[in-house]
Amino acid sequence: MAAQPSGGKKPFHIISPVLESLPLSRAAGTKVFMKLENVQPTGSFKIRGIGHLCQEAAKKGCRHFVCSSGGNAGLAAAYAAKKLGLPVTVVVPSTTGPTTVRKLEELGAEVEVSGQVWDEANKRALELAKTEGWVSIHPFDHPLVWQGHASLVQELKDSLDTKPDAILLAVGGGGLLAGVAAGLHQVGWQDIPIIAAETWGTHSFHTALAAGRLVSLPDITSVAKCLGAKMVAARALECAQECQVISQVVEDTEAVRAVEQFLDDERMLVQPACGAALALLYTGRLQRLQHEGRLRTPLASVVVVVCGGSSMQVAQLQALKSQLGLE
């Protein structure tokens with residue numbers, strides 16, 4: 001089912017399913033609904049915001065998109081560019097896997113490798129965006145990206161009989177967090193706590209919250225490369241002042257175990273970035289937050305945003321398990 005147009009052209013994302021998960025509900029001790037963003041056309045929630053930004057840029061006469069991304073945002077930009085009949089250059093860091101590069105090229109993107117982490121690839125993308133007619137499509141830090149992501153919450157309101165007691169999501173650069181926070185305000189759900197998951201080694205949001213200001217991590221050391229922004233968007237920190245945002249950081253091993261468990265439980269293979277949010281449910285973090293008085297008791301239901309898995313393969317899961325000593 002296609003999403004409804006939001007004034008003008010039909011968006012590129014679909015209305016994604018909301019399904020109750022019995023295994024996750026058992027693990028979390030409360031009813032868990034999955035918002036399945038991994039079934040979006042490009043395999044992640046990114047198509048919501050990136051698609052919206054690309055459509056608006058095309059309306060204003062953009063002749064060439066340029067996007068810096070280690071994966072999901074680049075795939076969304078390439079997909080949107082193809083739909084709009086415009087060229088796109090995606091600048092990826094050297095850590096980007098061959099599967100992602102192949103998918104980008106299959107969508108018609110020109111792929112350029114620059115730097116070892118996303119922040120370095122982004123510097124190159126901003127240089128390219130100075131070319132006349134070229135427009136930078138930021139993977140997470142743009143108001144139109146957040147506006148596109150906010151559509152996810154309206155869909156939740158349309159799908160669920162009752163308001164959930166918490167929304168769990170993964171934080172990389174903070175675009176999804178900013179979009180969900182905006183969406184909660186739009187539907188009058190701003191009192192719902194957002195539980196924001198990161199892995200150690202990509203925990204730029206957690207660090208910023210603790211410091212009360214934006215902080216740049218010295219390096220990205222986690223296997224969850226899709227969460228790998230050394231510094232979150234300023235808007236992410238603002239969201240924490242406007243909504244109740246609870247930051248939780250999990251180990252790489254917990255994220256990867258969650259990926260494997262979710263594959264067994266729900267027959268879907270997602271990325272470690274998504275595994276970070278799922279790990280909150282599998283490792284009893286919800287119950288711990290309840291014991292600490294940071295979440296209400298009892299919880300009637302929670303929603304976990306299953307944010308994506310576009311470049312994940314079984315062989316990659318096995319390699320990650322081996323790398324982390326989980327065999």
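**Aromatic pairs, a pocket and salt bridges**

Guide: This is a predicted model, and the structure holds two aromatic pairs.

Visitor: What geometry do Phe-12 and Tyr-79 have?

Guide: Their ring centres are 6.4 Å apart and the planes meet at 85°, so the pair is edge-to-face. Phe-12 sits in the segment before β1 (18–20) and Tyr-79 in helix α3 (residues 72–84), so to speak distant parts of the chain, 67 residues apart.

Visitor: Are those two buried or exposed?

Guide: Phe-12 and Tyr-79 are both buried.

Visitor: And how are Trp-118 and Phe-140 arranged?

Guide: They form a tilted aromatic pair, with 5.1 Å from centre to centre and 50° between the planes. Trp-118 belongs to helix α5 (residues 118–128) and Phe-140 to the loop between β6 (134–136) and α6 (143–149), so the pair ties together parts 22 residues apart in sequence. Trp-118 and Phe-140 are both buried too.

Visitor: Switching topic: how much space lies in the largest pocket?

Guide: About 920 Å³. The largest pocket is lined by 46 residues, and the closest to its centre are Gly-70, Ala-224, Lys-225, Cys-226 and Leu-227.

Visitor: How does the lining divide into nonpolar, polar and charged?

Guide: The lining of the largest pocket has 22 nonpolar, 22 polar and two charged residues. Helices α3, α4 (98–106), α8 (175–186), α12 (272–282) and α14 (314–323) each supply at least two residues of that lining.

Visitor: Now charges. How many salt bridges does the count come to?

Guide: The count comes to 14 salt bridges. In one of them, the side chains of Glu-155 and Arg-48 meet at 2.7 Å, N to O. That pair links distant parts of the chain, with Glu-155 in helix α7 (residues 151–159) and Arg-48 in helix α2 (residues 46–59), 107 residues apart. Glu-155 and Arg-48 are both buried.

Visitor: What about Glu-254 and Arg-285?

Guide: Their side chains also meet in a salt bridge, at 3.1 Å, N to O. Glu-254 is in helix α11 and Arg-285 in helix α13 (residues 285–291), 31 residues apart. Both of these residues, Glu-254 and Arg-285, are buried.

Visitor: Which residues are joined into one network?

Guide: Lys-35, Glu-37, Arg-48 and Glu-155, through salt bridges that share partners.

Definitions and conventions
Residues numbered from 1 in each chain as written. Predicted model: local features only at pLDDT ≥ 70, side-chain atom pairs only at ≥ 80, totals over all residues. Heavy atoms only, no water. Phe/Tyr/Trp six-rings, centres within 6.5 Å; stacked < 30°, edge-to-face > 60°. Helix = DSSP H or I, 4+ residues; strand = E, 2+ residues; numbered from the N terminus. Buried < 20%, exposed > 50% of the residue type's maximum accessible area, 1.4 Å probe, protein only. 1 Å grid on protein atoms, 1.4 Å probe; cavity = no way out; pocket = protein on both sides within 12 Å on 5 of 7 lines; lining within 4 Å. Points joined across faces, edges and corners; volume = space filled by probe spheres on them. Nonpolar A, V, L, I, M, F, W, Y, C, P; charged D, E, K, R; others polar. Salt bridge = Lys/Arg side-chain N within 4 Å of Asp/Glu carboxyl O.
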